[in-house]
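Subject: Structure handover and findings

Dear colleague,

Please find below the structure that I am passing on to you. I would be grateful if you would read the notes after it with the structure open.

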Amino acid sequence: MKYGIALATLLFSIGTITGQVKKWTLQECVEYAVENNLTIEQLELDLKNIEIDKADALGNFLPTLSANSTFSSNTGFSINPTNNLPTNSTQNNVSAGLNTNVNIFNGLRNRYQMQRAKLNAIAGQYRLDDIKDDIRLNVANAYLDVVSNKESLKVSQAQYAVTEQDLQRTKELVDSGVVPRGDLLQIEATAADQEQQVVNAEGSVQIAKIALAQLLQITDYANFDTSDQTFEIPLSDVLNNAPETIFAKAMEFRNDIKVSESNIALAEKDLQISKGALLPSLGAFANYGTRYSDVAQIPVAGLDPNSPPQFFTPNFTDQLWIFDGVAYGVQLNVPIFNGFSTRNNIKRAEIAVERAKVQLEVDKLDLEAVINQAYVNVKAFFKAYEAAEKTVEARRLAYNYSKERFDVGLMNAFEFSQEQSRLDDAEAQVVRTKYDYIFRLKILEFYFGIPIKLD
């Protein structure tokens, strides 16, 4: 841990010396994280794939068209393709054709697949937005952690500065014989302890910065820093709403709930697609073909029927016209039995629908529990903050009174150091409870639809 702090300190010191460090605001951190997060990039690529799936679903409605061509050469005994007579010669054949098929009806599966592709595109956007919400919360938490540690550092530095003044004053009292030399040693020990606290606080600040930078996927730790702005307790009326009201509002816009609802719609569409396999399918086809053979023989027209037949071999172009033809028709396929495969797929799809519905209820319960916990946390941390404020005020009065007694030799250094330590702890507790409350408040506001923002 000490080595980590030392390394972080070195990195940030180098950055301070070599150039001006950019001061990031919370809004800048959130926007940068959303724009550069690798998980978001992956989901954006998934959305591109989903758009391709939509194009595939649209293509299922369109007819297919293909062309084919074949060249063959035969030597020896074979059948002449033009007259189906045996021949014992070398022949070269060329054939070509166009084929088209169109799906007329397939149990409405094409229609359901198109609807499913559209639903999946919507669900994909919900998943992307949900990840963005999580990143915003994580960045806000990490950012406030940096700010909290910075304020704790300021408290430690202020406490150390006061102790140095006390140390100088104690030296004067020792020299004048008002207090014993042992009191000076006690104050020096206190000063050394507070100096260590300052060093530890500096390390905590730098480690918090690195954690935030890593969350933003920024590797230039030396030149990363947050703005020096501090935050006061924000005004908010979100607690004027009951947890049930906040939950009802969250149900309207929370992307994780929308993802679960979309998963139900997708599962129901998969069920419709599975059931479509029980219905007959009807398709139409049309084929055009022609051929050429260098041994083709065509009877000569107009000769005396009593005379021996005479043949001639047409040229390439003529043969393409002579031997072309068209075939067309329709094809009906009626499913009868396929080893229970279709029925089992339907059962699996039905289970998937029920599973998606159960998951939605689980997500609702989780959201309700999170909101209730956030509601309780906001109240509890605010009370803790108020208590810490009262404590620090009392500790400060006690410290001032002790300091007056110590300065005139009515209190020894050990007792005075104890009072100072209690004040130090109380001031640190104020900082911790303050930012604990602010973050919990922002979480609750976030579930109520209020964007994360710190003024």
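The notes that follow cover aromatic pairs, charges over rings and salt bridges.

This is a predicted model, in which local features need pLDDT of at least 70 and side-chain atom pairs count only at pLDDT 80 or more, while totals for chains, interfaces and linings use all residues. Residues are numbered from 1 along each chain as its sequence is written, and side-chain values use heavy atoms, with hydrogens and water left out.

Aromatic pairs

Rings of Phe, Tyr and Trp (its six-membered ring) are paired if their centres lie within 6.5 Å; planes under 30 degrees apart count as stacked, over 60 as edge-to-face and the rest as tilted. The count by this rule is 7 aromatic pairs. One of them is the tilted pair of F382 and Y437, with 5.0 Å from centre to centre and 50 degrees between the planes. This pair links distant parts of the chain, since F382 lies in helix α9 (residues 341-407) and Y437 in helix α10 (residues 413-447), 55 residues apart. Helices here are DSSP runs (H or I, at least four residues), numbered from the N terminus. Relative accessible area is classed as buried under 20%, exposed over 50% and partly exposed in between (1.4 Å probe, protein chains only). On this scale Y437 is buried at 6%, whereas F382 is partly exposed at 28%. Elsewhere, ring pairs link W24, Y32 and F224 into a cluster.

Charges over rings

A charge sits over a ring if NZ of Lys or CZ of Arg is within 6 Å of the ring centre and within 35 degrees of the ring normal. K22 lies over the face of W24, at 5.2 Å from the ring centre, and K249 lies over the face of F448 at 4.5 Å.

Salt bridges

The structure holds 19 salt bridges, each a side-chain nitrogen of Lys or Arg within 4 Å of a carboxyl oxygen of Asp or Glu. K22 also takes part here, with a salt bridge to E28 (3.5 Å, N to O); K22 is partly exposed at 39%, and E28 is partly exposed at 30%.

Helix α9 contains E361 and K364, 3 residues apart, about one turn of the helix, and their side chains meet in a salt bridge of 3.7 Å, N to O. Also in helix α9, E393 and R396 lie 3 residues apart, about one turn of the helix, with a salt bridge of 3.5 Å, N to O. E393 is partly exposed at 43%, as is R396 at 31%. Salt bridges that share partners also join K23, K150, K209, D225 and D228 into one network.

With kind regards

Technical notes
Helices (H or I, at least four residues) and strands (E, at least two) are DSSP runs, numbered from the N terminus.
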